[in-house]
Amino acid sequence: MLVNNDFKSQFINNYPQHQFHLNIANVNTQALAILFSIDKLGNVTCFDGSAFDDIDIDKNDILNYSIYDTTNPLHAIHPSINMALSGESVSTHIEIKNGMYSIWLAPIVIDAVITGISGTCVEVTKQKDAESALVQIQNHYLLLAEYSTDLITKYTSDGNCTYASPAITKVLGYRPDELVGKPVFHFFHPDDLKSKRRFYTKLLDAPTNESVCYRVRRKDDNYIWLETKSTAVIHPVTGETIEIVAVSRDITERKETEDRLLYLANYDSMTGLPNRALFRDRLRHAVTRAQRNKTCVALFFIDLDRFKTINDSLGHHAGDQLLRSVSRRLKQFARKGDTIARLGGDEFTVILEGVNDPEDAAVFAEKIIELMAPPFKLDGHKIVVSPSIGITMFPNDSSDLRSLLKNADTAMYRAKEKGGNCYQFYTSDMNAKAYEYLVLESNLRNAIQREEFCLFFQPQVDLHTKNIIGIEALLRWEHPEHGLLSPDEFIPFTEETGLIEPIGEWVLKTACLEAKKWQDIGLPPVRVAVNLSMRQFVAKDFVGQVAQALQEADLAAEYLELEITEGFLAYNVDQAADILQDLHKLGVQLSIDDFGTGYSSLSYLKRFPLNTLKIDQSFVQDISSDPDTATIAEAIIAMGQSLQLNVIAEGVETEEQVFFLRGRGCDWVQGFLFSIPLSSQDIVPWLTENFSQQVQFKQWAFWPENGVAC
Ligand code: C2E
Ligand code: MG
Ligand code: MG
C-alpha cells in the first residue's frame, strides 16, 4: 500500500523538530514505509503504509491494538514507548518475520502536552545485509592490512595520512601513529616530489591503476624505493574523493639491481665513463640537435700512444690505473654537456656540440694534448703518455653515425702514423689508407704459409779478440708488391693483432736451424741472437717453445741468445724472473736490447740471470758529438761492467764511435761499420771469409795494436 500523501504532510507538520523528518519527507510514494501513531496508553491509533505487504501482516491486527499486546506485530517497540512519551525521539530496529525494520518514534506534542507518539517504520533488510557484509569485508581487509608485509596506507584527498599498517615499522622504521596525521609528501625524496604530486593530482582527477616508484625517507634518514599502487575511494553520491588507499612494496633491492644493470649496460665499469652503447646514443642525440639547430658536432677519437707497451711491460694493473687516470683528466676538463666515452681498450671519444668552426675543434684537441702531457704516476713509475687524436665534423664529413665514428678512427690512425702526440682532421682520402691496413693484416696472416718471411743476419764483433762473437737475426718480409719490408714497418702491427706469436715462433726455429747449418758446413760455432716480443715472452710455455726449437735444430742452447727489452722485466717482476730463470737453466744467453730507452729501474738488473746489455744505437749515434749522450753511454758501460755483464754497442757506424767505446771498455760492437744485415745466402761467405781472415780486421785503424789513442 502506498503512503497517503495527506497523512505524510500531516505527519511532518506535527514533528518539525523530528531528527529524521528529512528522511520521512524523502519517503517517496514507492517506499516500503509505514506511518503510525500510538496514544498515551500504547494503543495504535493510526496505521498506514505498505511495509508489511510482503510479509503477510494484516493492518487490522495492529490498528486499535495495544503495543503491549504480545500478539501485536509491533510489540517489539514497546520498550521505547516510555522514552518517546517522555519527550525524546527514539530510533530502534526490530525484526519481524526475518525482516529488519528501522523504527523512528517521536512524541506528538499538542499545546505543549504530549498526547501520543508518531512512528515511522521502514524496511531495511537489504540495507542491513549490505551493512553487515560491509563490516565483514572491512574486518577482512583490516586483517589483511594488519598482517600484510606490504605497507598499506590511507590518505585524505589533501595527502594527510589516516592509516598506516603495522608493516610500516619494518619498511620505514616508523610506528603507524608516527605517520598518521602527517602530510605524506613530507617523506618523499625531493627529486621525486614533483612527479609524485603530479600523480596524486591525476589520481584525484580520474581513477588510475598505474603504479609509481619513488623514494621515501626512512626514520633513519636513508631513502628507500617504494612501488605503490593507489586507488581513490569515491563518494557514490557526491563523486568526491573520500580517501586514497595505497599499497606499497619495498623495491630498493630490485631498483638497485636494475640501476646496476642499467649502469653496466651504459657505462664502462673501470673508468665510469659512458661506454660504446651510451656513446652511440649520445652521438645520435647530438646529431639530431645539431640538425634542428643547424649547428655542427665535432667528434674526437683519442687513442693513447704506446699504451700496449705500457700494458705489456708494467702489467695490466698499471694499464688499468693509467686508463682511470686518463679518464679522470678528461672528465675534469670536460664541460657540462660534453660526452666523454671509453669505447674499449685505450680508445676514448669526445662529442663536442655547437662547434661551428674546425678551428675550435683544433683548439680543443690541443688542450687534450696539453692535458695529457704531465707524467702519470703508476705503481711508483712516472709514465709519460701522449694521445693521437682523430677529428671528424658533422655534417661536413658525414651525416651517418657509423661513418662519423669510422672517420674519426681513421683520422686517429693518421695521427698515429705521424708519430702520435698530435691531432688530425679527417679527410676523404683517408679511407684508402684505412683500407691499406686491412689489406696489410690479411697479407700478414698469409705470409708464413706463403714463405714470405726471411731472416737477415748481422754479425757482432769482439774488438779485443777480433772474433765474431754472435750474429743477430733480423726479420724481413718479402712483400709481393712492396718488396723487402723492415720489421719496424710491420712488427708493431703484428704485436697488436697477436700475429707476432706464430711469426716469432717461426723466427726462433729458423734462426736455430740457420745457426746449426753454419756449424754443419764447418764454420766455428757462433751464437745467434733472436729478438723477442713481449707477447711471445709471456705466452703460455714460451720456455718449452725455445727448448723445442733448439731440439728440432739440434743446436746446443749456449748458441742461442734471446734479446728482450727493458719493458719485459718491469712488466711483472716475479713472472719475468721465473721465465728468465727457466731460460737460464736451459742454457740460453739472455741480453737486454735497446738498453737505456725503457723505464729503467736498475734494481732489476741484479735480480735476473742476464748476460749482456745492448746499448741502444741512439746513444751510440751521437756519442762523439753530444757530451750528454756520451755521459749516458759511459755510465751504461760502467754499470754493465760492475754487474759483470757483457756490454755491446749496436748501430756502430764510424771509427770515432769505436774509439770512444773501446776507450770506455766496451769491447763488443755491432753495426754497419762491420757489416750490414746480410741475407741467409750472403752471411755464409761473409762468415767464411772473416773467420779465416781475421787479418782483414787487423788493417783497421781502430784495433788497439795499431796504436790509436782513445
Ligand atoms: P734491434 O733489435 O735494435 O735491431 C737493430 C736494428 O738496427 C736493425 O734494424 C738493424 O738493421 C739496425 N742496424 C744495425 N746496425 C746499424 C747501424 O750501424 N746503423 C743503423 N742506423 N742501424 C743499424 P731492423 O732490422 O730494421 O730491425 C729493427 C727492429 O725490429 C729491431 O731492433 C728489433 O727490435 C725488431 N726486430 C727485428 N727482427 C725481429 C724479430 O724477429 N722479432 C721481433 N719481435 N722484433 C724484431
Ligand atoms: Mg735486437
Ligand atoms: Mg736494438
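User: Which residue follows α20, and near what value is its phi?
Analyst: Helix α20 comprises residues 573-586, where helices are DSSP runs of H or I with at least four residues and strands are E runs of at least two, numbered from the N terminus. This is a predicted model, in which local features need pLDDT of at least 70, side-chain atom pairs count only at pLDDT 80 or more, and totals for chains, interfaces and linings use all residues; side-chain values use heavy atoms, without hydrogens and water. Residues are numbered from 1 along each chain as its sequence is written, while chains are lettered from A and ligands numbered from 1 in the order in which they are written. The residue that follows α20 is Gly 587, and its phi is positive, near 105°.

User: Which residues of α20 are buried?
Analyst: Buried denotes under 20% relative accessible area, exposed over 50%, and partly exposed in between (1.4 Å probe, protein chains only). In α20, the residues that count as buried are Ala 576, Ala 577, Ile 579, Leu 580 and Leu 583.

User: Which residue bridges the two magnesium ions?
Analyst: Ligand 2 is coordinated by Glu 472, Asn 531, Glu 563 and Asp 593 at 2.0 to 2.2 Å. Donors are N, O and S atoms within 2.8 Å of the metal (3.2 Å for Na, K and Ca), and sites may look incomplete because water is not among the atoms. The protein donors of ligand 3 come from Asp 593, Asp 594 and Glu 650, at 2.0 to 2.7 Å. The two ions lie 4.0 Å apart, and the bridging residue is Asp 593.

User: What is the strand order of the open sheet of five strands, and which strands stand at its edges?
Analyst: The strands pair antiparallel in the order β7-β6-β10-β9-β8, pairing requiring at least two DSSP bridges. Three bridges join β6 to β7, and Tyr 155 stands opposite Cys 161. Each edge strand has a single partner, so one side of it lacks a neighbour in the sheet; these strands are β7 and β8.

User: At about what angle does α7 run to β8?
Analyst: The buried residues of α7 are Asp 192, Lys 196, Phe 199, Tyr 200 and Leu 203, and their cover includes β6, β8, β9 and β10. Axes are lines fitted to C-alpha atoms, for helices over the stretch in contact, with angles from 0 to 180 degrees between N-to-C directions. Lying across these strands, α7 runs to β8 at about 135°.

Conventions:
Contact means heavy atoms within 4.5 Å. The expected span of a helix is 1.5 Å times one less than its number of residues.
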